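Student: Please show me the structure, and let us examine how its features are classified.

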Amino acid sequence: MQLKIMPKKKRLSAGRAPLMLFLCQMISALEVPLDLVQPPTITQQSPKDYIIDPRENIVIQCEAKGKPSPSFSWTRNGTHFDIDKDPLVTMKPGSGTLTINIMSEGKAETYEGVYQCTARNERGAAISNNIVIRPSRSPLWTKEKLEPIILRNGQSLVLPCRPPIGLPPPIIFWMDNSFQRLPQSERVSQGLNGDLYFSNVLPEDTREDYICYARFNHTQTIQQKQPISVKVISVDELNDTIAANLSDTEFYGAKSHRQRPPTFLTPDGNTSRKEELRGNVLSLECIAEGLPTPIIYWIKEDGTLPINRTFYRNFKKTLQIVQVTEADSGNYQCIAKNALGAIHHTISVTVKAAPYWIIAPQNLVLSPEEDGTLICRANGNPKPRISWLSNGVPIEIAPDDPSRKIDGDTIIFSKVQERSSAVYQCNASNEYGYLLANAFVNVLAEPPRILTSANTLYQVIANRPALLDCAFFGSPLPTIEWFKGAKGSALREDIYVLHENGTLEIPVAQKDSTGTYTCVARNKLGMANNDVHLEIKDPTRIIKQPEYAVVQRGSTVSFECKVKHDHTLIPTVMWLKDHGELPNDGRFTVDKDRLVVADVNDDDGGTYTCVANTTLDNVSASAVLSVVDVPNPPFDLELTDQLDRSVQLSWTPGDDNNSPITKFIIEYEDAMHEPGLWHHQTEVPGTQTTAQLKLSPYVNYSFRVMAENNLGRSLPSEASEQYLTKAAEPDKNPTAVEGLGSEPDNLVITWKPLNGFESNGPGLQYKVSWRQKDGDDEWTSVVVANVSKYIVSGTPTFVPYLIKVQALNDAGFAPEPAAVMGHSGEDLPMVAPGNVRVNVVNSTLAEVHWDPVPLKSIRGHLQGYRIYYWKAQSSLTRNRRHIEKKILTFQGSKTHGMLPGLEPFSHYTLNVRVVNGKGEGPASPDKVFNTPEGVPSAPSSLKIVNPTLDSLTLEWEPPSHPNGILTEYTLKYQPINSTHELGPLVDLKIPANKTRWILKNLNFSTRYKFYFYAQTAAGSGIQITEEAITTVDEAMASRQVDIATQGWFIGLMCAVALLILILLIVCFIRRNKGGKYPVKEKEDAHADPEIQPMKEDDGTFGEYSDAEDHKPLKKGSRTPSDRTVKKEDSDDSLVDYGEGVNGQFNEDGSFIGQYSGKKEKEPAEGNESSEAPSPVNAMNSFV
């Protein structure tokens, strides 16, 4: 079957682009086998423009192939070059390459010229390009005397380089005497012509060693210009002598050093033109001068700049477009701008083109009587001229060939014969260059031959194209067919693609594509075939890809990359950083499928790629590492617009370290008043790099800036230059002005002084003024130094004064201050409160009333009233304890208050005094009152002694605080069975004069629980509890001993013990989980509980609480061995309700609080557990 061209309409994906490149390479590489007769073909030659090193031998290359082997000859400058006549010239055997030996003798300049090589055999002649030989040159700078350049600060400057003309042109750079490159910036930069441009000069530009260097790469030499001396001075630095000897014209330029709008240093004028050749780099340059330094911008007037081919160099002063095309022609505008204005320059760009191929002629192999064509098609600007040569001779004068016909850029061949074999040259030229191509016509009659090796094995990844090669040759051109398997039919083009070069393409190879394929080539002279083999492999995949990471500097990060692959392929995994090798650093470690980077720094940020390679495929996955940190400090702080009360601060942000700056913090230092101490000035958003700062007079300011992002705050910047503001009168007066007397006859005026920052100038003082508020006196004033207090003596006691304190300095007075009121010194009050009345509310609370004292008698600020009270004696026992006075203070002008925490059934005495800032006044006459009875405290102890079979003896001590006359005791008791259940409750009344009682008719060997409390006329007191056991019957004990000696009983007891042990374990577990046994409430020892009546027992057992406070007496019980329970004293105390003797109260002078407490759990009745309530004696507040 005939070979078919792959359909052009089929679009190629990105993955198939390498495939098509491979096919194109195979097609262009389809050549006549070297064992067949063929015309010469040039395979290697020197470049058209060949610049040589004059210190080395000249080698001009010319290599060719053909059969028979070609012979070589040369022309020089259009005439035959006879190499045999020049002993310095030799030709390499079997080659046309020339070697000219100029190292032994001779000069390179002698052999300058245009050389062309011809390779010839019996089938034709091929020629090389015209090779222009020129030796490189690196001439010296001409000697010149360079005068020192003196110019004013801020002027523009251009230092010329003007290097010698070399071949090729030198590379220019500026250095100093120490061979250090001079720093360049937006202000100072080197132009394309090598000159050094200063937009404006600064004093630091002064130096004597501005040196331009020219490096000639071909000869590897560097030439140096004479050093240029530059001195930058300000007009103020010119002394009278210099001013007398130098005129303005002797300075470099005559422009003012003041700020000015931009002007262009290069190029000149408003417009210019630029011409560039297609494929080259277009470089456009604009350099401007001005103060402040101008910024350069670029636009294309009639279009947009190509995104992927546009680059800015030299601080945007140079615009470069690479691989320039005719579409890049047009007008380009550069704009220079600073704060004072803008200027623009238009560059008109024209792109020309040296000839370039549209279709280059290809070798043509024909069999006798076949037809064919040679096509030579090129383009350029201007349009190139096409000319043909045959065997190196213009076709117009070449031997005639009846089989050929020339039609412009095409030669048509018809019914060729063997004598039609020749080499044709196509030349396309215009004013910018030429193209020369050799293409032969070779007339042969050859049967098919397969050039691909037999049984070649192809391995392909599944789901990718498979290309099975069948390189062939034959004349006439053979047809190609492909078969699969030994008995397969010809492969159809609806599944496969057959290419012109014989290659079979399987667009999507699958596992079933594996097998043997046969290529068959046929023409009229014969047939040839070849077998190849195809294997399909599983693709390599990355099943765990590295992931994007954001880490802070100094931390550790890891990337994971897990690979799955065909088991017959061995993958290699490598890691790349930014498409290059990993840094040679021990912080980078790679194990089986992981990359770890320790101690991450800024340079580690970038793209990390995991690449898995096999012999057939490769896959990759990338992740970006962002290294973040707090910002770097801002720099280049500059103060502008300096006014008396404001200044503009500008700065350059430091690197944000991949975390955007959110704000800038500006601080200031006052070097005059607080050197070394920095204060917060203001904050501005992170997008802002200038701030208008408000200033205070007479401050020597320095500023610094800190940047802040989400990770924190940067270090401070370097401090700005200092700026001293002018002095002015104070803006404010002292604060916290007060007038208080320290003695009855003085007035102490105090204030908070202004700090140095607030003084606004030197000589800070204060004008202190005062007069009586209620009089007609004039103001009395005195000026004092920078202090904070002034004492006025001889004042009447506690008189209101109006006071003013005004700041002043050498520049003047602060604004008039507002007057504040103060008082002269206080004295002790003279009068005691009168008409003191007491109302007893209950046994622990009393209300006191009194009449206020006259205001004039207070002689000071009324602080309040103070009540002294004490317990004189008990109604039962006089002088039982030491008399202790208690104090309560009631703030303000209140005339009543509450006395809490009194003891019931007691005799109290009190008096009242008025209090001012100086102290207390005299006491009122003593007032006596008594408190009524209250409920008693618990009995002091309860002991159970002399247990017998059926009786127990109880002994106790009366309550420590009876709080009245005891009327009787109440004893309640109930039995407790073996399951801790409470039995019926027995209630017994005992006379108050008893301290011992015997309970009879009790059950033997039984535990009893007792509840015991005293009573007064006010009610029942707090109860005390105890437990005891009656003794065991001796007869029963004897019988138990007899039974215990029996074997069956011992076995039974062992079984019961084991069962009890199991039950105990279960109970213990349940108890730890919060068992069912209730816990009795704690007894409350505070005052005035009122015991509620208990329920009558119903004769049944209730549940018994075995909380710690009430466990039966046993080993380990916390109850003392003498079965005595002590009860702590419970005295009411103001310490519980206020601040000791000066306890504070409500606005109305009353004490807010309550006595509260919880009673012992009441005895259980019946089958229920009965719990006594917790009574609360609330204390009422009276207004």
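Tutor: Lys-48 lies over the face of Tyr-434, at 4.0 Å from the ring centre. This is a predicted model, in which local features need pLDDT of at least 70, side-chain atom pairs count only at pLDDT 80 or more, and totals for chains, interfaces and linings use all residues. Residues are numbered from 1 along each chain as its sequence is written, and side-chain values use heavy atoms, with hydrogens and water left out.

Student: What makes a charge count as sitting over a ring?

Tutor: NZ of Lys or CZ of Arg must be within 6 Å of the ring centre and within 35 degrees of the ring normal. The charged end of Lys-804 likewise sits over the ring of Trp-779, 4.4 Å from its centre.

Student: How many aromatic pairs does a search of the whole structure find?

Tutor: The search finds 23 aromatic pairs. One of them joins Phe-173 and Tyr-213, with 5.8 Å centre to centre and 10 degrees between the planes. Rings of Phe, Tyr and Trp (its six-membered ring) pair if their centres lie within 6.5 Å; planes under 30 degrees apart are stacked, over 60 edge-to-face and the rest tilted. The Phe-173 and Tyr-213 pair is therefore stacked.

Student: Why is Phe-173 called buried?

Tutor: Its relative accessible area is 5%, and buried means under 20%, exposed over 50% and partly exposed in between (1.4 Å probe, protein chains only). Phe-173 is therefore buried. Tyr-213, at 3%, is buried as well.

Student: Why is Ile-1065 called partly exposed?

Tutor: Its relative accessible area is 46%, so Ile-1065 falls in the partly exposed range.
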